[in-house]
Amino acid sequence: MIRIDSVTKRYPDGTVAVDRLSLEIPDRSITVLVGPSGCGKTTTLRMINRMVEPSEGSILLDGVDIQAQPVNTLRRSMGYVIQNAGLFQHRTIIDNIATVPRLLGWSKERSRARAAELMERVGLDSSLARRYPYQLSGGQQQRVGVARALAADPPVLLMDEPFSAVDPVVRKGLQDELLRIQEELGKTIVFVTHDIDEAIKLGTMVAVMRTGGKLAQFAPPAELLSAPADDFVEDFLGTDRGIRRLSFFPSGALKLESGPVVPVDADAKKLAARGSADVPYLLVTDLDGKPLGWGAPQDLTAGEIAVGQLLPYGRPFVHGKDSLRAALDGAVLSPTGWSVGVDGTGRVVGVVSQAVIAEAIRNAHAEGRTDDEAKAVR
Amino acid sequence: MNILNFVHAFFSDSAHWHGYDGIPTRFWEHIGYSLEALAYSAVIGLPIGVLTGHYGRGGNALALIATAGRALPTFGLLVLLTILLGFSLVPVMVPLVVLAVPPILVTTYEALRSVDPSPVDAARGMGMSESRILFQVELPVALPLILSGLRSAAIQIVSTATIAAYVGLGGLGRYIIDGLYQRSYEKVVGGATLVAGLALATLAVFWAVGRFAVSPGVRRGA
């Protein structure tokens, strides 16, 4: 555990970057420091590997003051990832990743073997090993940055706005990758960002900091969304707080209806049977069970279903894996007001109406479903 | 008679290829002076440029020294030092070094200053010592610019080392000075051609060193 104990950073010109900050960063989880620029989040991170020395207070790593060991020994025991990756442009990708093992005195062969292993872990093709950084895209470079930080298998990973400089699509990919890697490796990660959505997506715990280096709130993301400590936090969380909180409610409890689902080759009898209930629309699937679109029962003629004429079905949610937010999103995206639940392979499991989703949301609020199980559905 | 005729006359005279005043002797003398002057200049310019660049301090002082060095007239310095110290290699070396240190110093400083700070930050954060950061992160990236400073210094030295002949020493300047005295223009033109050729060869050497020493990851675009 990293314990930040009443730490202050004051610069010679009198600026206070961090003001009596105390934080307990739990092991094997992602703790995100988030806040507007000038809130001291990066300074806080850099004090953990002594890139910045605190003016007052102390930082303890597993109960031992980080000042107790030589600074470079400390730094080699913590992975460090920065914005724009900071790769060494004169070294190949594999040698970039092998940096810390080499510093620790590993042989070249062993370091490179380890680096190759990490390339695979962060999703980099082995053909990139002999390339130079300039030959890689921004997203690939950032993966190399993460691999390089993990190379010596440090228990702690410090990440300073690592995904800020890449486009949103690549960023989402990198975030998902980080969560996957974290599931496998269980590092103690301290992650700095100015993006509250990123903080909520990645953080097990989120520390919201305010200008002047003060801690505004330290809580799990669901709690942040449901109970912001003050106006500053609420403001910083932005709009759609309620909708975003739905990300923490699992969709597994939703009862899907499989009745109003018909394959595209359904015969007249089947169409009539399925359309008889008080369902305004039928979901037509292809022969593989994947959704094609909605149609009113009276518009569907057996054997002549015109796929192009069907109403859009929005974005299906993976039942049990995606959250109520995804389910609701699907329902409001489709003009029918119904959402399509699919399994992991994209085959339709059933459909659900806005009304049912709304009830599930009410139930979830009532149960306060923001526990670990809910956490897993992000 | 045009220049090409002079050149032809100079190089086809077999007498110019032998003895203490032959082309090979003068050529190697010239290279010797040049290498010596470049070595002194590099020993002075590189460490100062590297350290000031790495720590980012003293840039203004450097600019001042460089300007002063460039302002000193090479020929005047040569004559003055010869009067003061007598005939030796020292009065030749000093003006050459004064000429060559500023480009080395200033480009080396700039080369270190212009290294992207984020890999340096990453290196420090990963626990690299300052000397490792300098030698393994900054210098490899700064190398192309440092080499370009050395290259312009070397070319200036090669072209200016002809002054050695003014104070009775050898080198390719011999042909130019003697030729002017003897009104032997083929000698003047021949000597000048050799100096120009040597300057071009210097360029080629630096190009080859760059190909060999600079990482392909840094070289692109350079």
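The legends below describe close-up views of a predicted model. Residues are numbered from 1 along each chain as its sequence is written, with chains lettered from A and ligands numbered from 1 in the order in which they are written. Because the model is predicted, local features need pLDDT of at least 70 and side-chain atom pairs count only at pLDDT 80 or more, while totals for chains, interfaces and linings use all residues.

**Figure 1. Overall layout of chain A.** The C-alpha trace of chain A spans about 80 × 50 × 30 Å along its principal axes. Its secondary structure comes to 15 helices and 16 strands; helices (H or I, at least four residues) and strands (E, at least two) are DSSP runs, numbered from the N terminus. The domain assignment gives domain 1 (2-245) and domain 2 (261-367), with bounds that come from an automatic or database domain assignment. The C-alpha centres of domain 1 and domain 2 of chain A lie 41 Å apart. Of the 378 residues of chain A, 46% count as buried; a residue is buried if 20 or more other C-beta atoms lie within 10 Å of its own, exposed if 12 or fewer, and partly exposed in between, with C-beta atoms placed from the backbone. Residues 24 or more positions apart account for 62% of the contacts in chain A with a separation of 6 or more, two residues being in contact if their C-beta atoms, placed from the backbone, lie within 7 Å.

**Figure 2. The nonpolar cores.** A nonpolar core is a set of buried Ala, Val, Leu, Ile, Met, Phe, Trp, Tyr and Cys residues joined through C-beta atoms within 7 Å. The largest one has 112 residues, and those with the most contacts inside it are Ile97(A) and Ala147(A). This core draws at least three residues from each of domain 1 (2-245) and domain 2 (261-367) of chain A. Apart from it lies another core, of 45 residues, which includes Tyr33(B), Val115(B), Ala142(B) and Ala154(B). Beyond its neighbours within four places in sequence, Ile97(A) has contacts that include Ala115(A), Leu118(A), Met119(A) and Ala147(A).

**Figure 3. Strand S12 of chain A and its two partners.** Two strands pair if DSSP finds at least two bridges between them. Strand S11 (residues 261-263) pairs with S12(A) in the parallel sense over 3 bridges, and Val262(A) stands opposite Val284(A). S12(A) is also joined by 4 bridges to strand S13 (residues 291-295), and these two run antiparallel; here Leu283(A) stands opposite Trp294(A). The hairpin of S12(A) and S13(A) has 5 residues between the strands, and in it Gly289(A) takes a positive phi near 95°. In a regular strand the side chains alternate between the two faces of the sheet. Both faces of S12 (residues 282-285) are covered, with Leu282(A) and Val284(A) buried on one side and Leu283(A) and Thr285(A) buried on the other.

Figure 4. Strand S15 (residues 338-342) pairs with S16(A) in the antiparallel sense over 5 bridges, and Trp338(A) stands opposite Ser353(A).

**Figure 5. Ala360(A) in helix H14.** Ala360(A) lies in helix H14 (residues 354-367) of chain A. Ala360(A) counts as buried because it has 23 C-beta neighbours inside 10 Å. Leaving aside neighbours within four places in sequence, Ala360(A) is in contact with Ala253(A), Leu254(A) and Leu324(A).

**Figure 6. The contact between chains A and B.** The contact takes 20 residues from chain A and 18 residues from chain B. On the side of chain A that touches chain B, the elements giving two or more residues are helix H2 (71-76), strand S6 (78-82) and helix H4 (99-103).

**Figure 7. Tyr109(B) in helix H5.** Tyr109(B) is found in helix H5 (residues 90-113) of chain B and is buried, with 28 other C-beta atoms within 10 Å. Not counting residues up to four places away in sequence, Tyr109(B) touches Gly49(B), Thr52(B), Gly53(B), Gly59(B) and Leu62(B).
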